[in-house]
Amino acid sequence: MWISSFQKDFDGFKKIFHRFLQVKGPSVDWAKINRPPEDSIQPYEKIKAKGLPDNVSASLNKLAVVKLNGGLGTSMGCKGPKSLISVRNENTFLDLTVQQIEHLNKTFNADVPLVLMNSFNTDDDTKKILQKYKHHRVNIHTFNQSRYPRINKESLLPIAKNMAVSGENAEAWYPPGHGDIYASFSNCGLLDKLIAEGKEYIFVSNIDNLGATVDLFILHHLMSQPADRRCEFIMEVTDKTRADVKGGTLIQYDDHLRLLEIAQVPKAHVDEFKSVTKFKIFNTNNLWISLPAIKRLHEKNAMDLEIIVNPKTLDGGLNVIQLETAVGAAIKSFNNAMGVNVPRSRFLPVKTSSDLLLVMSNLYSLDAGSLTMSKRREFPTTPHVKLGSSFTKVQDFLTRFESIPDMLELDHLTVSGDVTFGKNVSLKGTVIIIANHGDRIDIPAGAMLENKIVSGNLRILDH
């Protein structure tokens, strides 16, 4: 088994490396980029206006949910899979995902399976934890992303000395981005298994995006298309804000919808790419994809995913490159592909401790694994939160809050330096707290800060 899976990985690597050597210059010709035609990106309201079918469970029974679970929690100072970080009331990303799907299955008497795409970094730890969901009403499957060798930037040779993944070779391998889903999903046999079970679509999203729940309206839209005009790929996009300037966007290119990532943009056009006026939307990475179409395209080797060259510097200072692909880049290969412009609430990723503060706060209420914005917040947008480096690691973050502050009326929060928060603090408007180097600021229990700048060395007394 191990040899054959490695052989498949190696064949995949050979293909991408061969293409990498052939392709010179940027993968897009900037002059050929056009805005997508009006009808190719539908507003979510229009999809929702169609309502729901009489038999929701029949639609759900044709769906499987795939979560991208290859990432580690290193950027948040955690060891092991990111999906095992607690985000709300002791629930991890994985707990919330299982609760959401179990709730769907119970409510509609359906059988929506959960599929986790692990990487060699997350597979063992994830499988151990899956035991605890044995008695939940969700069938859980896992498969592994490929494992490719990192390449020395100068010599373009793999840096691995042998096949081992540990010891001196630990840094020699990498999972090649989520675009690998098509090949590894097919290679492991799960694609055929799901098709044999009558599944027609997968809903794919990042496991750290807490807004990526199964949307029954989008599912119904897919299921209600005439057979000859079946939409094989939907990408959920949402309006860009200043915070999203690096997100991939949809363009029209050679008469196809295409995903344009910042890594593919020629340097001279990066500012234009980031502008909110020219490219108004970005990819949430919530994707609805036809299973028979994946099978057809994979068998014909017809998915030409742009290569993203990701440079890394290893601990010893060696410069390497990783050749990666993105799952959304396949949109151009599918028939009748479209974008759906969804509300911002469908994009709630937790990449940093600043994001974690938002989802742990009273801005959101938790119901059956889904987070929804509190009705008591007057604005539908989330506050802008920037926590300094003292909060980067989840463990440090947790020790600095005796309880998560009330943030219902918060617009903007910046915290820098050695700052702690007592119990039942409330933050309103714009709050900036800056402890200078060597100083410490303790916000006392019960404090209410509204449009305040706090700096220096402060032990605010109760007031």
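A residue is called buried here when its relative accessible area is under 20%, exposed when that value is over 50%, and partly exposed in between, using a 1.4 Å probe and protein chains only. With that in hand, welcome to the structure. This is a predicted model, in which local features need pLDDT of at least 70 and side-chain atom pairs count only at pLDDT 80 or more, while totals for chains, interfaces and linings use all residues. Residues are numbered from 1 along each chain as its sequence is written, and side-chain values use heavy atoms, with hydrogens and water left out.

Let us start with Gln145. This residue is buried, because its relative accessibility is 10%. Gln145 sits in the loop between strands E6 and E7 (148-149); helices (H or I, at least four residues) and strands (E, at least two) are DSSP runs numbered from the N terminus. Contact means heavy atoms within 4.5 Å. UniProt, in an unreviewed entry, lists Gln145 under "binding site", together with Lys82, Gly177, Asp208 and Lys351. UniProt positions are given in the numbering used here, feature names are shortened, and annotations may be inferred rather than shown by experiment.

His178 belongs to the loop between strand E9 (173-174) and helix H6, and with a relative accessible area of 26% it is partly exposed. Beyond residues up to four places away in sequence, His178 touches Leu68, Met117, Gln145, Asn285, Thr325, Ala326 and Val327. With Asn285 there is a polar contact from side chain to side chain, at 3.4 Å. Such a contact is a pair of N or O atoms within 3.5 Å; within protein, one must be able to donate a hydrogen and the other to accept it, and residues adjacent in sequence count only if both atoms are side-chain atoms.

Not counting residues up to four places away in sequence, Lys351 touches Ser75, Met76, Lys82, Asn206 and Asp208. The side chains of Lys351 and Asp208 make a polar contact at 2.8 Å.

Strand E6 (residues 140-144) has a covered face, made of His141 and Phe143, and an uncovered one, made of Ile140, Thr142 and Asn144. Two strands pair if DSSP finds at least two bridges between them. E6 runs parallel to strand E5 (residues 114-118), joined by five bridges, and Asn118 has Asn144 as its bridge partner in E6. Together with helix H5 (residues 123-130), E5 and E6 make a right-handed β-α-β unit; right-handed means that, with the strands pointing away from the viewer, the path from the first strand over the helix to the second runs clockwise.

A left-handed β-α-β unit is there too, made by E20, helix H12 (residues 394-399) and E21. Strands E20 (residues 384-387) and E21 (residues 410-416) pair in the parallel sense over four bridges, with Val385 partnered by Leu413 in E21. E21 also runs parallel to strand E23 (residues 426-435), joined by six bridges, and Ser416 stands opposite Ile434 in E23.

For antiparallel pairing, look at the open sheet of three strands in the order E8-E16-E15. E8 (151-152) and E15 (308-313) are at the edges with a single partner strand each, so one side of each has no neighbour in the sheet. E15 and E16 (residues 319-324) pair over six bridges, where Pro311 stands opposite Ile321 in E16.

Our last stop is helix H10 (residues 291-299), whose buried residues are Leu291, Ala293, Ile294 and Leu297. These residues lie on the same side of H10 because they cover an arc of only 155° around the axis, the arc being that of the directions from the helix axis to the C-beta atoms. They pack against helices H6 (181-187) and H7 (190-196) and strands E10 (201-206) and E14 (281-290). At the start of H10, a side-chain oxygen of Ser290 comes within 3.1 Å of the backbone nitrogen of Ala293. Just after the helix, Asn301 takes a positive phi of about 55°.
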